[in-house]
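Q: Could you walk me through how to read the features of this structure, one at a time?
A: Gladly; let us look at it together.
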Amino acid sequence: MRGTRYEATDYVRMVVFIIITIIVIFPAYWMVMTAFKPMDEWLKYPPVWLTLRPTLDNLKSILGMAKGTIINPAQSAAGPAILKGLFVSVTATFISIAAGCMAAYSISRYQIGGNFLPLFILSARMFPPIAVILPLLVMYTWVGAIDSYWGLIVAYAGFTIPFSVWMMKSFIDDVPKEIEEAAVMEGMGNFEVFYKVTVPIIKTGILVTALFVFILNWSEFLVAVTICYQNVETAPIFLASLFSAVAGTLYGHQAAMGLIIIIPTVVFGYLIQKHLARGFTFGALKR
Amino acid sequence: MGIKLRLENLTKVFGELVAVKNLNLDILDGEFICFLGPSGCGKTTTLNMLSGLEEPTEGRIILDAKVINHLPARLRDIGLIFQDYAIFENMNVYENLAFSLRAKKVHKDEIDRVVKEEAGRFQLTGMLYKDTRTLTPGDLQRVAIGRTVILAPSVFLLDEPLDNLDADMRITMRGELKRLQKDLGKTMVYVTHDQEEAMSLADRIVIMNLGELQQFNTPVNIYNRPTNKFVAGFIGKLPMNFIDCHLKEEAGKLILFDTNQTFQLDISKHRKRIESSIPGKELCLGIRPEHVSMASVSEKDSCEVTIRNIEVLGAENVVEFNLKGESGVVRRMTVPPEVIPNVDDRILIRFQQEKIHLLDHVKGIVLI
């Protein structure tokens, strides 16, 4: 093979690509770097691009492992907030996916609600969340859902179901109806066909949707900060609370917390990587 | 042979569209029936009503003397094979074959025995544990057919099952299907728009157009005795030639002649049929390309034509011609492969008297 020859446009393209990559990567880099910086370097000017004195103090502190530091950043360590946040996000994701999948199936296969219902479901996302939150707060006060797990779970499931429905509808639309008809002919009831034939075929789509919904739930801040006070705490809420009367905003601690918040998403993403790679191109039908 | 499946006044309406109109058929036990027609003729809709995937708007479907209109698909004892195979792609060949048995909660050992036995019949033994995504279309359709055979329905419905296969595979599978039907002795209802497939497979063919039954008969009878202009024009590798003609009485003989008087045919022997059924003197002459032959000398019933085009097909040649004074219409005849006339040549042809059809000009009904 002859050596590849680059043309001028290729170089331009490469430079643009590198610039975009830097812009995208930089915030993440800065977070990781800050997480390992000692306190005096957090806001130093000129900025410390690469710390020469990396420390685990920030991480230890938010994990409640720091002993006798001057700053006691939070009343509690990150552990409970992470577990509570995980519980709420995972449960809400399950509900959102289960409800979304069934709704998507009935919309796709039985045209339930005609043209109106799918758009109506989507319209729940057509205005900014902040517009919904105050009415939600009032309603939650009436029903006593403020600062409760179920309250937050219902809110999260409700906010993400439109995504679940629309994403999974497109996956179900791709499954040829003949496959389901064949299963019916071979002795299955309608619901059986749904969970024994259709669901396994769109498994990839379900996992991708679940990852997406989980990320939305796990990193959600606005709803959580509005309807939760003491009992229920999620990871982003804890992150925002990392503040000290002595030192102001604890940027290092916040960055360390950010690092921890990323972990579940990365792990989940890694686990379904195979499916992500296979992507959205599956189709059960050969033509 | 008793009646297996009876359709009574079967009608299906989608909104404004009448997809199937008053269909009446008796299908015998063990018969191979083909539904044939252009797309949109209602053949697939009929099949879907038989399978239970569509509910008839009117009429009754009777299987083994039992009305099954309202029976759900899975309880009908009917198997359906699809054009697109409807293979469960997330399962391997074995799991696909075992699907219906597992749904019925049959014992594992029994499933294994049946699956392996049927895999042998369909030459799938070597690929039982293969991913279905790696199979060829022919093998995929074998898996689909095998799956339905394992289901052991009393009637098989096949919806253009060979349509996605290439020409070679189609002919192979056609043979396999015919043998399978003989082996199983089960009633099969096969939908296709490929008349060659229908002619070669079917015991009897149902020809439909625009939702209505046109003719229901054996392939030979449909070819030789089409009931109307649609069937006459639809069946046959090349469409039938239709020539507008007039009638006259001459010296006690009944003479048929075309508008430009290029030919005259004595059809006195059909006098009875024609006189009793049509009042006017206008008729349509129908003749298949294979029943037009070249005439050597100017015989009484020969006529002169101009050659417009020649298609050399190897086994035979197709000659397109026009009668005198004609343009814009294509007439066809077939000639032996060694006969290759030139374009624009004028030649003499004759219609084989015993093969001509006469059609009512207005109603399109075939009189003879």
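Q: In which sense do strand β4 (residues 58-63) of chain B and β5(B) pair, and over how many bridges?
A: First, a word on numbering: residues count from 1 along each chain as its sequence is written, while chains are lettered from A and ligands numbered from 1 in the order in which they are written. This is a predicted model, where local features need pLDDT of at least 70 and side-chain atom pairs count only at pLDDT 80 or more, whereas totals for chains, interfaces and linings use all residues. Strands (E, at least two residues) and helices (H or I, at least four) are DSSP runs numbered from the N terminus, and two strands pair if DSSP finds at least two bridges between them. Here β4 and β5 of chain B are antiparallel, with 2 bridges. Within this pair, B:Leu63 has B:Lys66 of β5(B) as its bridge partner.

Q: What is the strand order in the open sheet of 4 strands in chain B?
A: The order is β2-β1-β4-β5, with antiparallel pairing. At the edges sit β2 (17-28) and β5 (66-67) of chain B, each pairing on one side only.

Q: How many helices and strands does chain B have?
A: Chain B has 9 helices and 20 strands. Its C-alpha atoms fill a box of roughly 80 × 45 × 40 Å along the principal axes.

Q: What share of the residues of chain B count as buried?
A: A residue is buried if 20 or more other C-beta atoms, placed from the backbone, lie within 10 Å of its own. By that rule, 39% of the 368 residues of chain B are buried.

Q: Where are the domains of chain B?
A: Domain bounds come from an automatic or database domain assignment. In chain B, domain 1 is 3-87 + 135-226 and domain 2 is 241-360. Their C-alpha centres lie 37 Å apart. Chain A is divided into domain 1 (8-56) and domain 2 (78-278), with 31 Å between the C-alpha centres of these two domains of chain A.

Q: How many residues does each chain bring to the contact between A and B?
A: Two residues are in contact if their C-beta atoms, placed from the backbone, lie within 7 Å. Chain B gives 20 residues and chain A gives 17. On the chain B side, β6 (78-81), α2 (93-103) and α4 (137-151) each supply at least two residues.

Terms used: Buried ≥ 20, exposed ≤ 12 C-beta atoms within 10 Å, placed from the backbone.
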